[in-house]
Amino acid sequence: MKIRAAVLEEFAKPLIVREVELSEPGPGEVLVRLVACGVCHTDLYTASGVDPSGYAPTVLGHEGAGVVERCGEGVSLVREGDHVVTLFSPQCGECVHCLSPLTNLCLAIREQQNQGYLPDGTTRLALDGEPLRHFMGTSTFAQYTVMPQIALARIDPEAPLDRACLFACGLSTGLGAAMKTAQVRAGSTCVVFGAGMVGLGAVAGCRLQGAERIVCVDLAPERLVLARGQGATDVISGGPEAVEQILEMTGGFGADYTFEATGNVAVMRQAVESARMGWGLCTVCGVAGRGETLDVVPRLLITGRRICGSSFGGLKGREDVPELVNRYMAGEIDVDPFISHRLSLDEVNVGFELMQAQDGIRSVIEFA
Ligand SMILES: NC(=O)c1ccc[n+]([C@@H]2O[C@H](COP(=O)([O-])OP(=O)(O)OC[C@H]3O[C@@H](n4cnc5c(N)ncnc54)[C@H](O)[C@@H]3O)[C@@H](O)[C@H]2O)c1
Ligand SMILES: [Zn+2]
Ligand SMILES: [Zn+2]
């Protein structure tokens, strides 16, 4: 079928919204009609050409939500009409990582996905008769997409899809970092560095876990206002003094849990230094630039601080994303303040401009 999609034809150039060809879903694959899709930094990062693993041409987009239109042979996990959130981090349920409760890094389709192919090593997309590669296994800046069934989370059909799409990436990443990776304990003190989509999600996750004190650190005052709305009890302005301020606020010890959601390695270091001696756990969510390293004084670790990283919040997507959407539907997560702009697919490049100007948290593309 012919569909409209936003194609990255050349790095560092605007995306071009045009007609591309999408073939029918193969075995184990599903055709999804997109209803909404968030615009995320990872899309821009790839579009800019800075990502060393990026490729072009491709159809970008990975924060999608939509409706199952048609199922390929042998599909058993979803049915026509199901409402789904797309998962760049799938859950096959069978690989050694899926079988372990300790990680969410499913191994089933990693290699093919990273190269832009569906699990059988081919693509369903074509541009002017030439195969066109998928992006993050999702390619959701498009009216329709074909994805493996293991990469779709079936959600409550009552959930509005323009909000649900945020659970496909940033929001779930932050929520999961607090709830799944760090498993924040009730009554604890938490510090979150960064109040973008990921950091604000982490603030909300700490609140849902029953944290007593949640300090959010950011450079932008308007984002700190949003952090308060998600449950931050204290907010401070980022900068070289942040660690000292946090130590002062915590009787000289630091926080039980710290989270980094900026992508800046100097801030990652601050997050480690703000964690409490004895048991403080620092969870790194940000993606650092190519070749950058994290500089930490080892003594901080010997005296009981720990560092861990979190990909997609440690969430096993098919199981955990529907659960988070349920908590949103129960009124426990306030999603509306994250949606700053609503755009049409043709305005996708405006979404990139708004993000570069740090105007709002998320632009959501709505498909007519
Ligand atoms: N681990 C994952 O699976 C995953 C998933 C999505 C995004 N990410 C990464 O998480 C990071 C955050 O993503 P986002 O969408 O929230 O980004 P964002 O750019 O919207 O937010 C980053 C925030 O950090 C703040 N900041 C910058 N310097 C600071 C400083 N010195 N002190 C305190 N705050 C500072 C900025 O003001 C901004 O509000 C990015 O690196 C992104 O690539 C990781
Ligand atoms: Zn994303
Ligand atoms: Zn797996």
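Domain bounds here come from an automatic or database domain assignment. On that basis, the protein splits into domain 1 (2–168 + 334–366) and domain 2 (171–312). The structure is a predicted model, where local features need pLDDT of at least 70, side-chain atom pairs count only at pLDDT 80 or more, and totals for chains, interfaces and linings use all residues. Residues are numbered from 1 along each chain as its sequence is written, while chains are lettered from A and ligands numbered from 1 in the order in which they are written.

The C-alpha centres of the two domains sit 29 Å apart. Each side puts 12 residues into the contact, with contact meaning C-beta atoms, placed from the backbone, within 7 Å.

Next comes the ligand. Around ligand 1 there are 28 residues, and Gly194, Gly196, Gly238, Gly263 and Gly286 come nearest; a residue is near if its C-beta atom, placed from the backbone, lies within 6 Å. Helix H5 (170–181), helix H6 (197–208) and strand E12 (213–218) each give two or more residues to this shell, and H6 gives the most, with three. Helices (H or I, at least four residues) and strands (E, at least two) are DSSP runs, numbered from the N terminus.

H6 also packs against helix H7 (residues 221–230), at an angle of about 25 degrees and with the axes 9 Å apart. Axes are lines fitted to C-alpha atoms, for helices over the stretch in contact, and angles run from 0 to 180 degrees between N-to-C directions. H6 and H7 are therefore roughly parallel, a label for angles under 35 degrees. On the H6 side, Leu200, Val203, Ala204 and Arg207 meet Leu226, Ala227 and Gln230 of H7.

Key:
Contact = placed C-beta atoms within 7 Å. Parallel < 35°, antiparallel > 145°, perpendicular 65-115°, else oblique.
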